[in-house]
Amino acid sequence: MSTYALSLSGLNKSFGPAQIINDVNLDIEKGERHAIIGPNGAGKSTLFNLISGLYTPTSGSVKLHGEEISGVPPHIINQKGLSRSFQVSNIFTNMTVRENVRCGVLNAMGQGYAWWRNIGSNKAVQERTFEILERCGLVDKAPLPASLLPYADQRALEIAITIAGGADVVLLDEPTAGMSHSETDRAVQLIRTATEGKTLIIVEHDMGVIFDLADRISVLVYGEIIATDTPQNIRGNEKVREAYLGDEALPEEVV
Amino acid sequence: METLVFGLLNGVSYGLLLFMLSSGLTLIFSMMGVLNFAHASFYMLGAYFAFTISGSSSFWVALFIAPVLVGLVGAVVERYGLRKVHPNGHVAELLFTFGLAYLIEEVVKIVYGKTAVDYRIPELLNFSAFQVYGASFPAYRLFIIVIAVGMLIGLWFLLKRTRAGLIIQAALTHPHMVGHLGHNVPLIFMMVFGIGCALAGLAGVMAGNIFVTDPAMAVQMGPIVFVVVVVGGIGSLEGAFVASLVIGLLQNLAVGINASFADIFGFLGLTEMSEVGSINISSLAPVLPFLLLVLILIFRPQGLMGEKEL
Amino acid sequence: MSDQSTYQRLAPSRGQKFTQRTLPFIILAAILLAIPMTGPSRTFYTIAHQMGINVVFALSYNMILGKGGLLSFGHAVYFGLGGYLAVHAMGWIEDEVGIWGSIPVFFLPVVGFVGGALAGALIGWPSTRKAGTTFAMISLGVAELIFAAAFMFDSFFGGEQGISGDRMNGIELFGLSMGPIAEVYWFIAFWMFVGILGMWAFTRTPLGKLSEATRDNAQRVQFIGYNPQRVRYMVFIFAGGFAGLAGGMAAVNYEIFTPDALSLIPSGLVLIMAYVGGITYFVGPIFGAILLTYMQSMLSDFTEAWLLYLGVLFIAIVMYAPRGIAGIVFGFIDGIRGSESGIYIKHWALNLLGILLMLIGLIILVEVSVRWSNGYGDIYEPFGMHLSHTNPLTWFLFLVASVAGIALSLFVKKQKEATA
Amino acid sequence: MSFKKTAILAAATSAIAMSAANADTIKMAFIDPLSGPFGPSGEAAYTSYLLAAEHINANGGINGDMIEVTGYDNKVNPKESLVQLQKAIDDGARYIMQGNGSSVAAALIDAVDKYNKRNPGDEVLFFNYAAVTPAFTNELCSFWHFRFDAHADMKMAAITDWIKTQDDIKSVYLIGQDYVFGQAVAAAAEGQLTEKRPDIEIVGNELHPLGKVKDFTPYIQKIISSGADAVITGNWGADMQLLTKAAAENGSDVPYLTFYGGSKGAVSSLGENGIGLLHQVTEGITNLEASDEQYALIEEYKERFPDYDYYYHRVWNVMDMFKKAAEEAGSTDPIPVAKALEGLSIEHAYGTATMRAEDHQIQQPLFISVVSDDVKYGVDNIDLGWKLVDNGTIAMDVAEQPTTCEMERPE
C-alpha cells in the first residue's frame, strides 16, 4: 500500500448537536497541491484544525505519511512534518521579523528547548533564517517588530513562519485574504516557490489563486466533501455549481 | 456534637458574610472580566465608614449610608480609573486594582491610624440570642444571617424581576452581546462595579465589629474572596453562594476538631511524634480554602457551578 | 564566503555587539569594583546589599512576567524556599554535616538556585499548564497555601522564629571571612553580576526566545513544533532558580529566613518592582528594584506615607506609562534623537513640570494629613514654611500646585493631539 | 520599612532638645511593632520610653549626655527586626530595646552576638523589656542581653501558687500563641500544675497562629464545651484583646489567668463581665500604694498619651537601671555599662529590682491583680481597673527561679 502524504477517512467533528465535519474522506499524494474550497461556514477551517491537531475528531482518522495523528498534540504533528498557517495573522507580535522566523526555524535545526546555547552563534540557524526571509521578501524588514509590518508583509511573515520549519506537508488557510491584486500575485509566486516539492493543502476564496495553483480541488459544503477532482473537472461539475449557486458564481468568472 | 452545632452556626454566619462580600466580585468579574484585587479594600472602607458614621450618629444610619458611599467610591474608581486601563487588557486591569488596594490601605492608615479602631457592635444587638450547651449565641451574628438573607433576596429580585437585572444577567454570560443590543455598556459596567463595591461595603459594615477594623483587614480577606469567586465559578452567583458556605463551614468546623493527623491516619503508621502526625486539624483551617482553590483550578477550572473556564 | 556575509548582514555587527552587549557588563563590573574605593558608609552597604538581592529577584520575576507573559502573585515562594534551603545549608556548613564542611558559604546562592528551581519544578508542573488569569490565581493560591503550611512544618521553616544561621563558618574563599559588612559586599556584588549575566544570557538562548514567542502567541508556538506548556514550565523552573539565587544571597546577607519571606507581601513588592521598572525591557526590573529599595529604606525615613507614594507611582505607571521607567528613559532617548526633537523636548519638559506640580500638590496634601492624623502636634515644615492643617497657605499651595499641574498636563496633551 | 519617629519625639521634647544642644546624645533604638495587630503594644511601650527619657534628660541626662530614643517598626517579624537592627546600628544606636515577641528577641540576641563578635570595640547591648521565653536567660543566655521582665516560668510560678489556694478550680484550659513563647507558657503550666496541684485536669491545650485570628469564637466555644474551671493564657496584644472580646460575646464566665491581661483593650472589651475574672501577673500596677511622685507620673503619662495607660512600669526600671549603671561605670559605653548592670539593684515604686549577674535576669516582686470597679485608676478610659488580689504579692525570693546559664564574658 502506497502511503499518501495525508489521508483522511471517515472524519467527523461535532460541537454539541452541530455536526460540522461529516464523514470526510480524502487522500492527498506526496507533492500534490490540493485546494479546498467551499462557501463560508462550510467547515474548511475546522477541517484544518482537525488535521493540524488543534481539535480532536469526534470519530475517524487522520494519517500523515501513513501514521495516525488524530488526537496527537499540535506540536508533535508539527514535528512530524506538518505545518500550517492561519486565516488571521498569527505571528509573534512583540518580536522582530527575524526573530519570528528564527523561532520557526529552531525546531527543525535540532535546537529543541536548549537553554545552554547562544541562539546567535548557531550558523545553520542564521543561514536558514536568512534564506527564509529572503525567499519571502522580508530581508529588508528583518529588524522591525512584527506588529509594525504592513498587512501584506504580515501575511508573508505568516507564510514564512509556516514554511520555516521545513515541513513537507504545508496547510495554508486563506493566505491571500484581504490582499490587493498585485499583492496577491506576489503571494502566489511566493507560495509556489516556497512549497516547491512539498505537499500543499490550501484553503482559498480567490478562485484565481486556486485554479492557478492547485493540482486537484476538493469542494466542502456543510461539512461534506461533495467533489474532489482536477480543476477542469470541478469547473464542469454540476453538484459544485449547485452548491455555489447564489453564493459565489465561481466557475464562470474563473474561466 | 457541641462542636458540630457551634461549627455549623458560626460557619453559616461566616459563610453568609463571605457571600455578601464575594457576590459583588462575582458580578464584576463575570461581566467585566476584572478580577478586582481591591474588592476587599472596599469591604474595609465599608467598615471604616461605618465606624465614622456610627460614631457621629448611629449604627443604623451607617448600615444604610456606608454601603452607598462605598458604592459611589467604586463607581468613581471605575469611571476615572479602570475605564482608562480597560483597553490595555485584563492583566493591566488586574494590576490597576492591585495598586488600588495598596493605595486604599495607605489612605486608610493616614486617615484612621495604623492600628485597629474601636468599631463596636450596637448596644441594641449586644445580647445573647440563645444558649446552646452553655455557650451563648450572640444576637448580632443572628442579625448578620438576617441581613445576608435579605441581601440575597434583594439581589435575586433585582436580577430576576427587573429590566436592569435581566440586562445584567445577560451580560454575565454574554458580555459583548449586550453591547450589540444597543445598551450603554460603560454605564452598565459602572453601575455593576458600584453595586458590587457597595455589597462589599455592606459586608464591611457587618463584619468590621465582630472581627477587627484595622488596615490589615483587606489583605486578610482579599485572597479568601478570590477563592470564593473562583471556586464558585464565573458568572454563577449560585456557585459563589455554595462556595461561601462551604468555605465558612470548612474553616469553622476545622477549628473545632480536636484531632491530629496521627489520630486520623494512625492506621498508616503516622505517629504524634512525627512532624506531619503532630499537625492538628484545627491548625489546618487557614490552609483549607487555598487548597480548595488550587485543586479546583487544576481539576475543574470552570468552578463548581460556572459555565466558562477561567 | 559571500553566502556567509549575506546572512551575517542581519546579525548585529561586531561593534554593535560590543556596545550593546559587552560594554554594559564591563561598565557594571567597573561600577561594582569602584564602589568600595569611595569608602562608603555602613548605611550605604546595607542598602546596596538589599538592592543587589532585589535586582536579581526582580529580574527573575520578569523572566516569567515580561518575557513569559505569566502574571504571578506568588514569586516570593521560590525566593523563600531557595533562601530557606540556603540557610539550612549554612547550618550544615557550621555543623560540618557530610561534605558540607568543605563547601564555602560563598557558594550558598547556588544552593538557593537549586532550591528555587526544585520548588519551581514541583509547583510549576500543575500551574504552568494554564496561562493568563488562571495562572495568576493558581500562583496566588499556591503562595497562600505554602505560606500557611510554613507554620506547620517547624523543622524546615522554624515557625514564627524562622531559621537563623551564621555565615562566618566553613572555608574562607578569596580571603573573605564574610563577617564585616564590607566583605559581604563582594559576595553580593559577585552574585548580582552572575545573576544579571545569567538571566541576560538566558534571553539569548533558544528557550529564552521561545518564552517570548509563547508570551506573544502560545497557539502559534504549537505550530512551530513546540509545546507551550513545556516552554512555560522550563522557563518557570529557571525563574524559580534565579529567585532562589536571590534568596541564597539574602540568606547570607541577613542570616535568617522567616515564613514571611514566602508571603504575598514580598510577592507583591517584586511585582511592583518589575512593573514600575518596565517589564518590556531587560533592564527595567533593575531600575525598579533600585528605586523601590531606595524608597523602602531611605524615603521611609523621610515620610511615613512612602507606601502611599509607591501606590500612586504604581497606578500612574499602569495607567499612563505601561512600559515603566525604562520605557520613559528609552522613549526620551529616542525622542531627542528623533527628527522633531525640539518639539519633543518642549512637550517633555512641560509634561515634567506638570507632573512635578501635581506631585508637589500631592506631597503637601499627604504630608499635612499624615501629621494631622497622627495627632502628635508635629508640623510639616518644608523650606522653612510652616504648613499646618489650619494654615490657609497650606491649602492654597496645594490647590495652586495641583490645578496648575493638571492644567499643564492637559495642555500638553491637547498640543500633542494637535501636532499628531 | 520603618518610619523613624524621631521627628515626633523631637516635637514632644523640643524644650529638652534645646538644652541638650552641646551635650552628646546617647542613641537608643526601640525596635518593636508600631503598626498592625501588635501596634498598640509597641506604642504603649514606646511612649513610656519617650517619657522616661524625657524625665532623665530634664534631670541632666546620664553623665551629662542626653538620651534620644528612636522607634523602628519591626511588625513583630524577626527578619524585619534584623533589618531594623542594622539600620539602628548604622544610625549610631548602641542600645537596643525590644520586648514584643520572643521570636524577635531570639533573632536579636543572635544577631547582637554576631555583630559584637564581628565588630569589636563597636558593641551594642540588648535591653529586653518583655520577651519572656525562659531560654533567653538559661541555655541561650548572652552577656549582651539583659531581661527586665520576669520570665514565663516565674510568672507561671506566681499563677500556679495562686491556683494552689483556689480549691474550686478542678480543671484548666491552656490557650496560647503558636510560637516559642506560647509553647514555653504551655510547657511551664503543664509542668508546674502537675507539681503543685496534681489533681487538676488540663482539659485543653490549644495553640493558635500568632496575630492572625480575627475571631476567637470557635476557640471560646471549645473552652466552654470543655467545662474548664479556669483558663491560663500568655496571649498579648490583639490576641489577648480579641480573646476576651469573644469570651464576653459567648458568655464564658470562668477566671482568665493571664500574663498580659493589661494589653490595650482587653479590659474594655470584656467590660463588667471581667470583674473578678480577668487576672494578670505584673511587676507593678497603678492601683498599688505608691509615692506621690509615682502617682504624678501615672497621671502625667495618661495626660500625654490619652489612648494608653501607664502599664509598662518595667520600662522605667530599664531606664533607671541603665542610668544608674552608666553613672556607676562613669561611662555610657556598652561594655562598662553591661558590667555595672550585673548585680545592680534599684529601689523602684513597687519594690526592689536586682539584675542577677549570672544570667542577666531581673529579680523583683510580682503582683497578681484582677479587674475591679473599685479602683483609683481605670484603664482603657473606662472605670474598671486592676486591683491586687488577696495574697497577691509574690516576694522576690519566692518568684526567683534557678538558671542553667553559662555565660561567656568579654575580657
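Me: What are the ground rules for the model and its numbering?
Reply: The model is predicted: local features need pLDDT of at least 70, side-chain atom pairs count only at pLDDT 80 or more, and totals for chains, interfaces and linings use all residues. Residues are numbered from 1 along each chain as its sequence is written, while chains are lettered from A and ligands numbered from 1 in the order in which they are written.

Me: Into which domains is chain C divided?
Reply: Domain bounds come from an automatic or database domain assignment. Chain C has domain 1 (20-328) and domain 2 (338-419). Their centres, taken over C-alpha atoms, are 35 Å apart.

Me: How many residues of domain 1 and domain 2 of chain C are in contact?
Reply: Contact requires C-beta atoms, placed from the backbone, within 7 Å. Five residues of domain 1 of chain C meet four of domain 2 of chain C.

Me: Which elements of chain A supply the side that touches chain C?
Reply: Helices (H or I, at least four residues) and strands (E, at least two) are DSSP runs, numbered from the N terminus. In total, 36 residues of chain A contact 27 of chain C. Helix 2 (74-79), strand 6 (82-84), helix 3 (97-106) and helix 4 (123-135) of chain A each supply at least two residues. Helix 3 of chain A gives the most, six residues.

Me: Is G98(C) buried or exposed?
Reply: Count other C-beta atoms, placed from the backbone, within 10 Å of the residue's own: 20 or more is buried, 12 or fewer exposed, in between partly exposed. G98(C) is exposed because that count is 9. G98(C) sits in the loop between helix 4 (76-95) and helix 5 (108-127) of chain C.

Technical notes
Two residues are in contact if their C-beta atoms, placed from the backbone, lie within 7 Å.
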